[in-house]
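Please work through the following exercises with the sequence and the structure in view. Each exercise sets a task and is followed by a solution in steps.

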Amino acid sequence: VQLQASGGGLVQPGGSLTLSCSAAGRTFSTSTMGWFRQAPGKDREFVSAISSNGNSKWYADAVKDRFTISRDNANRMVYLQMNSLKPEDTAVYYCAADKLRLGHYYTGATGTGFDSWGQGTQVTVSS
């Protein structure tokens with residue numbers, strides 16, 4: 001699966017952004033999809049994931065109740081709606097595909113098991 005993330009930008013604290021990830025490839029509809037982020041000087045970290053049919057969703061503790069992941073299999077898209085953004089959400093956000101469902105979908109996971117990655121989109125939360 002080839003992935004391309006978009007939608008990042010500069011937003012004030014408390015604001016909202018929606019990230020999009022477009023996918024190319026036949027395995028998209030059977031892959032668990034995830035979002036990760038990496039802040040300067042820090043390791044990449046898990047943000048959220050969604051199962052292939054959209055019925056199961058996972059969130060890191062830091063974004064629970066603020067971020068919402070969704071997907072549109074017909075159009076091969078994954079979205080991350082981010083509300084109530086905080087300065088600590090500033091990072092490069094990456095979408096990733098887990099074709100074999102070997103990934104880890106919990107707070108602290110760093111991307112193990114995800115086999116395809118997009119190029120990242122910068123999110124900056126600052127006044």
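**Exercise 1. Identify the two residues that the disulfide joins, and determine its handedness.**

Step 1. A disulfide is taken here as a pair of cysteine sulfur atoms within 2.5 Å. Cys 21 and Cys 95 are joined in this way, with an S to S distance of 2.1 Å. The structure holds one disulfide. In this predicted model, local features need pLDDT of at least 70 and side-chain atom pairs count only at pLDDT 80 or more, while totals for chains, interfaces and linings use all residues. Residues are numbered from 1 along each chain as its sequence is written, and side-chain values use heavy atoms, with hydrogens and water left out.

Step 2. Helices (H or I, at least four residues) and strands (E, at least two) are DSSP runs, numbered from the N terminus. Cys 21 belongs to strand S3 (residues 17-24) and Cys 95 to strand S9 (residues 91-98); the pair is 74 residues apart and links distant parts of the chain.

Step 3. The torsion about the S-S bond of Cys 21 and Cys 95 is about 65°, so the disulfide is right-handed.

Step 4. Consider accessibility, where buried means under 20% relative accessible area, exposed over 50%, and partly exposed in between (1.4 Å probe, protein chains only). Cys 21 is buried, at 1%, and Cys 95 is likewise buried, at 1%.

**Exercise 2. Describe the surroundings of Arg 37, including the polar contacts of its side chain.**

Step 1. Arg 37 is located in strand S4 (residues 32-38). Its relative accessibility is 6%, so Arg 37 counts as buried.

Step 2. A polar contact is a pair of N or O atoms within 3.5 Å; within protein, one must be able to donate a hydrogen and the other to accept it, and residues adjacent in sequence count only if both atoms are side-chain atoms. The side chain of Arg 37 makes such a contact with the side chain of Asp 89, at 2.9 Å. Another, also at 2.9 Å, is made with the side chain of Tyr 93.

Step 3. Contact means heavy atoms within 4.5 Å. Leaving out residues up to four places away in sequence, Arg 37 touches several residues, among them Asp 43, Val 47, Phe 67 and Val 92.

**Exercise 3. Characterise the largest pocket by its volume and by the classes of its lining residues.**

Step 1. On a 1 Å grid over the protein atoms alone, a cavity is a set of points where a 1.4 Å probe fits but cannot get out, and a pocket is an open set with protein on both sides within 12 Å along at least five of seven lines; lining residues have an atom within 4 Å of a point. Grid points are joined across faces, edges and corners, and a volume is the space filled by probe spheres set on the points.

Step 2. The largest pocket holds about 200 Å³ of space. Its lining comprises 14 residues, of which Arg 37, Ala 39, Lys 42, Glu 45 and Glu 88 are the closest to the centre.

Step 3. Ala, Val, Leu, Ile, Met, Phe, Trp, Tyr, Cys and Pro count as nonpolar, Asp, Glu, Lys and Arg as charged, and the others, Gly among them, as polar. By these classes, the lining has eight charged, four nonpolar and two polar residues.

**Exercise 4. State where Tyr 105 lies and which side chain its own side chain contacts.**

Step 1. Tyr 105 is in the loop between S9 and strand S10 (116-117). With a relative accessible area of 15%, Tyr 105 is buried.

Step 2. The side chain of Tyr 105 makes a polar contact of 2.4 Å with the side chain of Asp 98. Beyond four places in sequence, the residues that Tyr 105 touches include Thr 32, Trp 58 and Phe 114.

**Exercise 5. Compare the phi values and accessibility of Asp 65 and Ser 84.**

Step 1. Most residues other than glycine have a negative phi. Asp 65, although not a glycine, has a positive phi of about 75°. Phi of Ser 84 is also positive, near 50°.

Step 2. Asp 65 sits in the loop between strand S6 (57-59) and strand S7 (67-72), and is exposed at 80% relative accessible area. Ser 84 sits in the loop between S8 and S9, and is partly exposed at 40%.
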